[in-house]
Amino acid sequence: MKKSIIWLLTVVMGITFCALLYFQITYLENMVKMRESQFSEGVMRSLYGTAGLLERRETMHFLEQDIKMLNSYDDEGNESAEYLTSEELFPIPQPGKNPVISFRHPTDKIEKRYQQLQEAIWEQYVYQRGLLNEVILSILYDGARRPVLERADADTIRKVLTVELANNGLEVPFSFAVTDNNTIIYSTPDYDPDKSEKQIYTARLFPNSNTRYELKVEFPTKANYIYSSVRFVIPTLALTILLLAIFIFTMILAFRQKKIGEMKTDFINNMTHELKTPISTISLAAQMLNDDSVRKSPETLHHISEVINTESRRLRFQVEKVLQMSVFENSNSALNFTRVDANRIIASVVSTFKLKVERFGGSLSFINDADEAMVYVDEMQFTNVIFNLLDNAVKYRNEDVDPELTVSTTDVDDKRLRIRIRDNGIGMKKEDLKKIFEKFYRVHTGNRHDVKGFGLGLAYVHRMVTLFNGTISVESELGKGSEFTIELPLAGD
């Protein structure tokens with residue numbers, strides 16, 4: 001699959017998932033807002049209903065007192081033995097007991113009688129209205145002077161408010177307080193006055209009086225109540241996020257596999273070239289041996305045998321590098337750990353490799369500043385690690401300057417040995433530093449085509465150092481060189 005197609009699918013699926021998440025989150029927000037609005041509306045209806053019921057209860061209280069007072073006295077001011085009924089207080093005309101208007105009278109008498117009846121009704125209406133006004137004024141005046149605990153005690157408010165909330169479909173725990181000009185008169189033990197105004201619902205108590213009593217209610221479990229009603233949306237949102245994460249992971253794997261495929265293709269091309277050259281040389285040397293003139297010349301025969309021997313070693317070395325990675329990728333059972341002197345091994349490798357560096361007009365030095373250098377490693381593989389790093393430094397040397405390589409060892413807190421290999425080669429870019437220890441990865445060298453290899457050397461080094469329980473890092477600057485640092489635990493006595 002082409003990389004452009006993978007990118008197109010990634011963009012399309014990414015936009016689709018983002019749009020789906022946006023719509024789900026928007027829907028969830030709208031549901032929460034709607035539930036909050038319904039909750040607030042139900043609470044305010046309950047508060048207004050509670051305030052209205054308390055006011056009606058107070059009015060009933062004063063009316064009962066007035067009726068008792070009227071029933072306790074007779075017309076002469078003496079106490080009555082019986083209470084008057086509402087029918088006796090407000091008599092209803094009964095058939096046969098009230099004057100009957102006769103329509104057999106002359107017209108003028110009917111009109112006069114009708115006018116008298118209208119005047120009597122009007123006078124009774126004015127009188128009754130005056131009595132009502134006096135009762136209302138008495139209620140307003142006496143009610144304002146009554147203590148709030150008598151007008152609305154905590155138990156009454158709790159019972160009434162519970163019923164009103166249940167009637168509005170809100171069966172949730174609450175706490176409340178009664179205040180006068182924002183001063184708390186009394187409150188429930190769990191009431192928190194420090195909460196924000198958005199979390200407290202307020203309604204005026206006895207709004208028709210001169211008092212400024214307010215009922216403030218808060219709901220500690222409001223958030224749980226609201227989100228519990230929309231909890232069915234949360235699993236779908238979580239599943240969408242999970243699908244998005246799986247998609248991203250799949251795309252990462254796809255790009256990684258695409259990259260590995262390209263690296264393997266490059267590896268096969270390099271391996272074919274690396275193996276083809278010594279095979280062609282050996283084949284050509286074998287053909288020359290069939291020539292009688294060549295066999296008669298000892299010098300030529302010796303030269304051809306040297307060529308065959310050299311190219312055979314080169315071929316064997318390339319094959320072993322490939323096999324090393326395949327063996328140690330799966331298991332470390334082939335390692336033979338022993339307690340060795342790292343300074344001795346490094347000095348031996350430096351002595352052998354110095355000739356190769358001097359061939360390019362450069363120099364290789366070893367600085368031994370480690371008092372203790374005994375490490376627990378596989379001696380052969382540790383030798384290959386140092387050799388690979390030095391070979392890599394020469395391979396990526398700067399053509400404009402003579403190569404200068406330095407190997408140094410130092411102690412780290414008497415527990416670890418630090419090995420540094422520094423060169424003045426072409427260096428690397430920052431984006432290459434994170435990938436150089438990956439298999440098949442090779443740093444681009446621009447127009448240079450003489451750098452050969454499989455991209456396995458540094459991957460092998462990293463694998464071996466890890467198996468030695470050590471760490472390896474690299475610092476590099478493009479055009480100025482690189483420095484590899486290896487830290488290994490000391491073996492001790």
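Here are a few exercises on this predicted model, each with a worked solution.

Some ground rules: residues are numbered from 1 along each chain as its sequence is written. Since this is a predicted model, local features need pLDDT of at least 70 and side-chain atom pairs count only at pLDDT 80 or more, while totals for chains, interfaces and linings use all residues, and side-chain values use heavy atoms, with hydrogens and water left out.

**Exercise 1. Work out how Arg 416 and Glu 487 pair up, and which parts of the chain they tie together.**

Step 1: A salt bridge is a side-chain nitrogen of Lys or Arg within 4 Å of a carboxyl oxygen of Asp or Glu. A search of the whole structure turns up eight salt bridges.

Step 2: check the pair. The closest N and O atoms of Arg 416 and Glu 487 are 3.4 Å apart, and the two form a salt bridge.

Step 3: Arg 416 sits in strand E9 (residues 416-422) and Glu 487 in strand E11 (residues 481-489), so the pair ties together parts that are 71 residues apart in sequence. Strands (E, at least two residues) and helices (H or I, at least four) are DSSP runs, numbered from the N terminus.

Step 4: look at exposure. Buried means under 20% relative accessible area, exposed over 50%, and partly exposed in between (1.4 Å probe, protein chains only). Arg 416 has 24% relative accessibility, so it counts as partly exposed; Glu 487, at 18%, counts as buried.

**Exercise 2. Find which two arginines form salt bridges with Glu 483.**

Step 1: take Arg 420. Its side chain meets that of Glu 483 in a salt bridge (3.8 Å, N to O).

Step 2: take Arg 422. Here the closest N and O atoms are 3.6 Å apart in the salt bridge with Glu 483. Arg 422 is in strand E9 and Glu 483 in strand E11, so parts 61 residues apart in sequence are tied together.

Step 3: Glu 483 is buried, with a relative accessible area of 15%, whereas Arg 420 is partly exposed at 27% and Arg 422 is partly exposed at 44%.

**Exercise 3. Describe the surroundings of Thr 471.**

Step 1: locate the residue. Thr 471 belongs to strand E10 (residues 471-477) and is partly exposed at 43% relative accessibility.

Step 2: list its contacts (heavy atoms within 4.5 Å). Leaving out residues up to four places away in sequence, Thr 471 touches Arg 416, Val 465, Thr 485, Ile 486 and Glu 487.

Step 3: Thr 471 and Glu 487 are 16 residues apart in sequence, with their C-alpha atoms 5.4 Å apart.
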